[in-house]
Amino acid sequence: MPDYDIIIIGAGHNGLVTACYLAKAGLKTLVLERREIVGGSAVTEEIHPGFRCSTLAHSAAPFFAPIVKDLQLTRHGLETITPPVRVLALSSETPAISIYHDTARTIRELEPISTRDAKNYPEFERSFARIGKMLAPLLATTPPAIEHPSAGELWNLGKLGRSFRGLGKKDAYRLLRWGPMAVADLVAEWFESESLRAIVAARGIFGAFAGPWSAGTSAGLLWQAAMDGHAIGASSFVRGGMGALTGALANAAREAGVEIKTGSDVARIDINDEGAAKVLLITGEEISAHSIVSNADPRTTFLNLVDPVWLDPSFVLKVRNYRATGVSAKINLALSGLPSFTGVEDKNDADRLSGRIQIGPDIDYLERAFDAAKYGDYSPRPYLDITIPSLLDPDLAPAGAHVMSVYVQYAPYKLKDGDWNSRREEFADSVVDVINDYASNFQELIVARQVITPLDLEQIYGMSGGHIHHGEQSLDQSFTFRPLIGWAQYRTPIKGLYLCGAGTHPGGGVSGRPGANAAREIIKDFKTKKA
Ligand SMILES: Cc1cc2nc3c(=O)[nH]c(=O)nc-3n(C[C@H](O)[C@H](O)[C@H](O)COP(=O)(O)OP(=O)(O)OC[C@H]3O[C@@H](n4cnc5c(N)ncnc54)[C@H](O)[C@@H]3O)c2cc1C
């Protein structure tokens, strides 16, 4: 008899979601996490005595509401914080713009900048909301088998076709036309102000090895709209940082009977003629299970953990061609006070800083930032997505002090000159200089900083190529193509081995959706004795 029904490799938020559902279905489940803490990219760590920060992801995708309900995450300690402002876009030349949840307030903000943009904004938002609503069911659906779709899959596709027709001619045409477009072209059709164009476009390129002029970047925007029904993403924080979300998931998992072992690095998945049989830890310990689920990314799973003799060479080749070269870094700062951003100095205006803060003032800036990465260097003027979570969650920092979380794009995994270990501090200095251009007292407020390079994302956090989404989320690596065509249903060519992480549909972001979808398929296999 195997030791467990299920072993899950990795306690990222998706691994934990899968674990909860499987345990609730009565399966004896063990989660093995290589780090000493659970959470993967959704963690809160102390970056300096008294200063705690969401070390990697700082805002949820948003997290899928039905999971919160099913797993009673509120009872397990989850408290979300939604600031009134979605994003504040800084500019060194024109006034800063805030986009609020409240459309009327946003229109008032846009009017002095462009009456045309203020007029177009509500219809732009409404169109994205309608299209997002139509696409949303896809996110909770297992992508259909391409060659032999089941009756249920054909039924779901039929339903999708009906809701597509229900969109009406205007939105249906927009959806078909927008998908393959460069996001820079899409925003230029709607808005004339560079700031607003850049705010929208940034969402299409977040985490992507692409710039706003790259084809297909509008698809990223549409996919995000399916997640939350908006063209411009909300700031969705968790009290206590993102680690409090995965802490609540771990509590729910333990209550459902899941065993979680941290500091347990899986070196290999052992396979025999029956399929995946056991895992071998780097300590030499072996643990067996009926089935094994990997929350590690597809490249790590198939190229590092599985002996290639068990895989068809053409499958291995496809995994090698799966694009997962990261372009993101993170800098977390302990600050002695609140920076004074140009155009937001008024203390009564502090709520404008409480959501996400964007540095990436125009489309050309964003594209030039990408240029550097294309040619193997970090950008001297990167796109930054900044949060100051201690504004709404003061326990994260000592009284009067703050933590600042800075997502930096573009910082390519592979540098043409030197390496990340030798260039880490010089890179961080250049990011600090950029922020200082928008907040002149910034540098003097820094008490400590933590710099996380793409190489750290791979070596410390286990993401192959340092890719924040476990692989590019381009059209060719989405839905029935994620991670690979023919293998988008969470199963793998090895019987009893499944994937449940961001490298599966519907991809990256702290949404919990890949984990929930994977659990549904695994439970189905157990019920029909296919697992
Ligand atoms: C810098 C950064 C910023 C981001 N910002 C945002 C954001 O603001 N909003 C948002 O929604 N998303 C953001 N993301 C993306 C999001 O965090 C990820 O897409 C998502 O968290 C992935 O979750 P996961 O559970 O699939 O995988 P992960 O969180 O990567 O978890 C995988 C787990 O598997 C473990 N593991 C790997 N190999 C092994 C092994 N051999 N043995 C044992 N354990 C193993 C890892 O240690 C890890 O804990 C960001 C990501 C990064 C890196």
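The ligand is surrounded by 35 residues, of which the closest are Glu33, Ser41, Ser59, His470 and Val510; a residue counts as near the ligand if one of its heavy atoms lies within 4 Å of it. The structure is a predicted model, in which local features need pLDDT of at least 70 and side-chain atom pairs count only at pLDDT 80 or more, whereas totals for chains, interfaces and linings use all residues. Residues are numbered from 1 along each chain as its sequence is written, and side-chain values use heavy atoms, with hydrogens and water left out.

**Ligand surroundings**

- The shell around the ligand divides into 17 nonpolar, 15 polar and three charged residues, where Ala, Val, Leu, Ile, Met, Phe, Trp, Tyr, Cys and Pro count as nonpolar, Asp, Glu, Lys and Arg as charged, and the others, Gly among them, as polar.
- Glu33 places a polar side-chain atom 2.6 Å from an oxygen atom of the ligand, and a backbone N or O atom of Arg34 lies 3.2 Å from a ligand nitrogen atom.
- A polar backbone atom of Gly509 is 2.9 Å from an oxygen atom of the ligand.
- Taken alone, the ligand exposes 1,000 Å², and the protein buries 96% of that, with accessible areas coming from the Shrake-Rupley method with a 1.4 Å probe.

**Packing of helix H4**

- The axes of H4 (residues 115-139) and H9 (residues 217-228) come within 7 Å and cross at roughly 80°; axes are lines fitted to C-alpha atoms, for helices over the stretch in contact, and angles run from 0 to 180 degrees between N-to-C directions.
- H4 and H9 are therefore roughly perpendicular to each other, a term that covers angles of 65 to 115 degrees.
- On the H4 side this contact (heavy atoms within 4.5 Å) includes Phe128, Ile131 and Leu135, and on the H9 side it includes Leu222, Trp223 and Met227.
- The residues of the H4 and H9 contact comprise 12 nonpolar, one polar and no charged.
- H4 also packs with H7 (residues 183-190) at an angle of about 125°, with the axes 9 Å apart, which makes H4 oblique to H7.
- Arg116, Asp117, Asn120, Glu123, Phe124 and Phe128 of H4 meet Leu186, Glu189 and Trp190 of H7, and by class this contact has four nonpolar, one polar and four charged residues.

**Backbone geometry**

- Most residues other than glycine have a negative phi, and most peptide bonds are trans.
- The peptide bond from Ala61 to Pro62 is cis, with omega near 25°, and Pro62 is placed in the loop between strand S4 (51-54) and helix H2 (65-70).
- Arg482 and Pro483 are likewise joined by a cis peptide bond, with omega about -5°, and Pro483 lies in the loop between helix H16 (454-459) and strand S18 (497-499).
- Gln72, although not a glycine, has a positive phi of about 50°, and lies in the loop between H2 and strand S5 (80-81).
- The helices (H or I, at least four residues) and strands (E, at least two) are DSSP runs, numbered from the N terminus.

Conventions
Parallel < 35°, antiparallel > 145°, perpendicular 65-115°, else oblique. Polar contact = N/O pair within 3.5 Å; in protein donor to acceptor, adjacent residues only side chain to side chain.
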